[in-house]
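Dear colleague,

I am passing on the structure we spoke about, and below it I have set out what was found when going through the coordinates. Please read the notes with the structure open beside them.

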Amino acid sequence: MRTILLLPFFSFLLIAVHAQNKYGLTPTNYEAYVNDVKSNPEKELVDLEKFIPGIVLDIRYATTNNFTGEQIYNLPKAYARKPVAEALKKAQAEFAKQGVGIKIFDAYRPYSATVKFYEVYRDTTYVASPYKGSRHNRGCAIDMTLIDLKTGKELKMPTEYDSFKEEAWPSAPVSDPVVRKNRDLIISIMHKHDFTVYASEWWHFDFNGWQKFEVMNIDFEELKNH
Ligand SMILES: [Zn+2]
């Protein structure tokens, strides 16, 4: 009798223990995300391809052309929280005045992918620690470059995307004046629109205010199908 009465209590405890992963985090799942958006519409993950007409996607983790050599995502999708998407849209309009457009390599990233990157490449200078999660997991970071709007070609930048070299640091010296101008352009316009470049990656921009948004572990299929 007593055991039966206690069962619901123990099952609650079990759920609480299971919700926290081995890195001590409890990322938001789809159901919790839906509730969050009801109480705070700013938390919505916006499909950037639909929200910003003309934006170009080259979602590398949906291909094998990335540092892991494996396809991590099932779908080539780019999502970001609503205020992030709005800021990026304004940045795109300003880039367009200079004849350039945005090409996105990665935006919102499910937490499970961050764990995978860490387990492949354990240097947290270049991959986020699964103990904290990435700002990509919060829907608040964009990996991107610029393209020439006439030709569609990428502008020359100091390194390839996801390069682990020091040349990728935004503070690294650049001898080619064209490359320096391109790097200055992407950073200055993104900074003007509430983003901050990451100290070791010229392509990574964090939305200022990312702290207000939780780490999520929702895959693209779940987002797409709702
Ligand atoms: Zn990034």
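Of the 226 residues in this protein, 47% count as buried; please bear in mind throughout that the model is a predicted one. The accessible surface comes to about 12,100 Å², and 54% of that area belongs to carbon and sulfur atoms. Taken along the principal axes, the C-alpha atoms fill a box of roughly 80 × 35 × 30 Å. Among contacts between residues at least 6 apart in sequence, 74% join residues at least 24 apart. As for charge, there are 29 positive and 29 negative charges, and their mean positions are 3 Å apart.

The protein has seven helices and seven strands, which follow one another along the sequence in the pattern α-α-β-α-β-β-α-β-α-β-α-β-β-α. Five of the strands form an open sheet with mixed pairing, in the order 2-4-5-7-6. Strand 2 (56–57) and strand 6 (195–198) stand at the edges of this sheet, and because each has a single partner strand, one side of each is left without a neighbour there.

Within the sheet, strand 4 (residues 100–106) and strand 5 (residues 141–148) pair in the antiparallel sense over six bridges. Along this pairing, Ile102 stands opposite Leu146 of strand 5, while Val100 has Asp148 as its bridge partner in strand 5. The pairing of strand 2 with strand 4, by contrast, is in the parallel sense and rests on two bridges, with Lys103 of strand 4 as the bridge partner of Val56.

Helix 4 (residues 82–97) lies across strand 4, strand 5, strand 6 and strand 7 (201–207), and runs at about 145° to strand 4. Helix 6 (residues 177–192) also packs on the sheet, where it touches strand 4, strand 5, strand 6 and strand 7, and its direction makes about 130° with that of strand 5.

How many residues of strand 4 are buried? Seven of the seven are, so the strand is largely enclosed by the rest of the structure. Leaving aside neighbours within four places in sequence, Lys103 is in contact with Val56, Asp58, Asp143, Met144, Thr145, Ile147 and Glu154. Lys103 and Ala199 are 96 residues apart in sequence, and their C-alpha atoms are 20 Å apart in space.

Finally, there are two backbone angles to look at. Most residues other than glycine have a negative phi. Asp162, although not a glycine, has a positive phi of about 65°; this residue is found in the loop between strand 5 and helix 6, and with a relative accessibility of 13% Asp162 counts as buried. Asp194 likewise has a positive phi, near 75°, and has its place in the loop between helix 6 and strand 6. Is Asp194 buried or partly exposed? At 43% relative accessibility, Asp194 counts as partly exposed.

With best regards

Notes: Residues numbered from 1 in each chain as written. Predicted model: local features only at pLDDT ≥ 70, side-chain atom pairs only at ≥ 80, totals over all residues. Heavy atoms only, no water. Pairing = 2+ DSSP bridges. Helix = DSSP H or I, 4+ residues; strand = E, 2+ residues; numbered from the N terminus. Contact = heavy atoms within 4.5 Å. Axes fitted to C-alpha atoms, helices over the stretch in contact; angles between N-to-C directions. Buried < 20%, exposed > 50% of the residue type's maximum accessible area, 1.4 Å probe, protein only. Areas by Shrake-Rupley, 256 points an atom, 1.4 Å probe, with all protein chains shown as cover. Lys, Arg positive; Asp, Glu negative; His and termini not counted. Charge placed at Lys NZ, Arg CZ, Asp CG, Glu CD.
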